[in-house]
Amino acid sequence: MLSELRFGSFLVYAPRGMNETSRKAQQFVRALKEERPIGIPRQSPSDYAARRLADELSASPLQDLFRVDPLLVPVPRSSLSVEGGIWPAFNIATALVRNGIGAGVLPCLTRVNAVPKSAFAAAGTRPRPVDHYDSIEGTRMVTDRPMLCLIDDVITKGATLLGAATRLQQTFPQATVVAFALVRTLGFVDDIESIVDPAVGTVTLRGDEAVREP
Amino acid sequence: MAGGEAPPPAIASPSRCKLALPMATSNARVIPPAALVTIDPVRVMGGLNEFEKRHAPQQLYACGDVSLLEATARVAVVGSRKASLPGRKRVARLVGALVERGVVIVSGLAAGIDTAAHEQTIEHGGRTIAVLGTPLDEAHPASNAPLQRRLMEEHLAVTQFPLGHPTLRSNFPRRNRTMALLCHASVIVEAGESSGTLSQGWEALRLNRPLFILRSVFENAELTWPEEMLQYGAHVLEDPGQLFEALPLGLPPLEEVAF
């Protein structure tokens, strides 16, 4: 397993928050999972967030993550995929590229065995990085890009990203692998004051668990 | 904010239509509605995405209280036509808990679990929507004609099939897809290996909408579909509280979500 992964995120949400901003963020995450149109006029939540990120990127700590135009690799869903079904990470990746972030989308990782969803799993039963690694397969594709950026919708502890990154690094040994999750979960925060809160940090393997900072 | 489609208008009047005839007690198969409301499905969910548009019906025909299509939370409670007695009791408990939280119960007005879902909703004082596999002026099964009339008068019946459309076997899986589209979550109470209910489950999974399967379903070792659906993202329903977490209860409307 990789011992450390550099990651960035643009938005935050507090699953148990009760104030107006927290509620708005919770509804945004729901919309993102179902690609449910938001706002007035109605628009894709992935496109909306990607456009907001593109507008703010030059003054954002995330600029460094996308500076070399990485190929974007969507993280597979935790379950197997129904044919023609919604894949939130893929939607986000394509929305980012449409808004000038990333060189293209490389859907080279596939989930071959379902794992419990982190958000629903009780503490202690959440899948570990190695469980994600074991349940994901990588397909080698030709690319000359030096950097690959994993794309996911939500990061909780980072186990999914660390497992997927290890598989991706194994599939593309020459590439530098980083990660971006659109939304960062603030599990121990009662409420948030702003949904937009860009940050760059690390996911570290400690024992067999992932530890996210920030 | 640039791009995107114009916001869908609120569901326009008439928001309610009445039957031409008073609620009958006969089992007549044919039910002549006085006025039907035609609804653009886009208006129902506040805008469809590209995935939803692929199988969404062009029009919905409705009779009853159309405002139920704007309810904050709608849950489909579906299952086998040959419902077991324990299955019916589970429906009663589940529907009771959902109605208490103001959730609108959606089902297909088929025999068995669907009928129990509608009847228990009424019993608990809740609101319910029937998504029909027939045009509005037909009942299937015919024995449900009185219940269908009552739903049209006091609750809501919708269908994608216009008057005069033949009632074909293929209507029902199409209806199930529409029902999944209209609901924030779906619950399968019980279903056999070849039950038509399963098509709704797969559609909910395709749309990435929460799909729950009652724990009791897994006790039948002969069934393979429950485990298969779990692999594709379904959840085991142990407690109605899980459902409440999956519903947009207390959350702002989607048009207010942009930041």
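In this predicted model, strands β5 and β6 of chain B run alongside each other in the parallel sense, joined over four bridges. On the way from β5(B) to β6(B) the chain passes through helix α5 (residues 145-154) of chain B, and that β-α-β crossover is right-handed.

**Strand β5(B) and its neighbors**

- β6(B) covers residues 156-159, and its Leu156(B) is the bridge partner of Ile129(B).
- β5(B) has a parallel partner in β4(B), residues 104-107, with three bridges between the two.
- One bridge to look for there links Ser107(B) with Ala130(B) of β5(B).
- To get from β4(B) to β5(B), the chain goes by way of helix α4 (residues 113-123) of chain B, in a β-α-β crossover that is right-handed.

**How covered is β5(B)?**

- β5(B) spans residues 128-132 and is mostly covered, with five of its five residues buried.
- Which residues of β5(B) point one way, and which the other? Thr128(B), Ala130(B) and Leu132(B) go one way, Ile129(B) and Val131(B) go the other, and all of them are buried.

**Chain B as a whole**

- If you're counting elements, chain B has nine helices and nine strands.
- Of the 259 residues in chain B, 56% are buried.
- Take the contacts in chain B with a separation of 6 or more: 75% of them join residues 24 or more positions apart.

**Where chain A meets chain B**

- On the chain A side 39 residues are in contact, and on the chain B side 42.
- Together the two chains bury about 3600 Å², and carbon and sulfur atoms account for 59% of that.
- How many salt bridges cross the interface of chain A and chain B? The rule finds three.
- In a salt bridge between Glu52(B) and Arg36(A), the closest N and O atoms sit 2.1 Å apart.
- Polar contacts link 17 residue pairs between chain A and chain B, counting pairs with both residues at pLDDT 80 or more.
- On chain A, the elements that give two or more residues to the side touching chain B are α1 (20-34), α2 (45-56) and α4 (88-98).
- α1(A) gives the largest share of that side, with nine residues.

Note on methods: Residues are numbered from 1 along each chain as its sequence is written. Chains are lettered from A and ligands numbered from 1 in the order in which they are written. This is a predicted model: local features need pLDDT of at least 70, side-chain atom pairs count only at pLDDT 80 or more; totals for chains, interfaces and linings use all residues. Side-chain values use heavy atoms; hydrogens and water are left out. Buried means under 20% relative accessible area, exposed over 50%, partly exposed in between (1.4 Å probe, protein chains only). Two strands pair if DSSP finds at least two bridges between them. A crossover is right-handed if, with the strands pointing away from the viewer, the path from the first strand over the helix to the second runs clockwise. Contact means heavy atoms within 4.5 Å. Buried area is the accessible area (1.4 Å probe) that two parts lose on being put together, summed over both. A salt bridge is a side-chain nitrogen of Lys or Arg within 4 Å of a carboxyl oxygen of Asp or Glu. A polar contact is a pair of N or O atoms within 3.5 Å; within protein, one must be able to donate a hydrogen and the other to accept it, and residues adjacent in sequence count only if both atoms are side-chain atoms.
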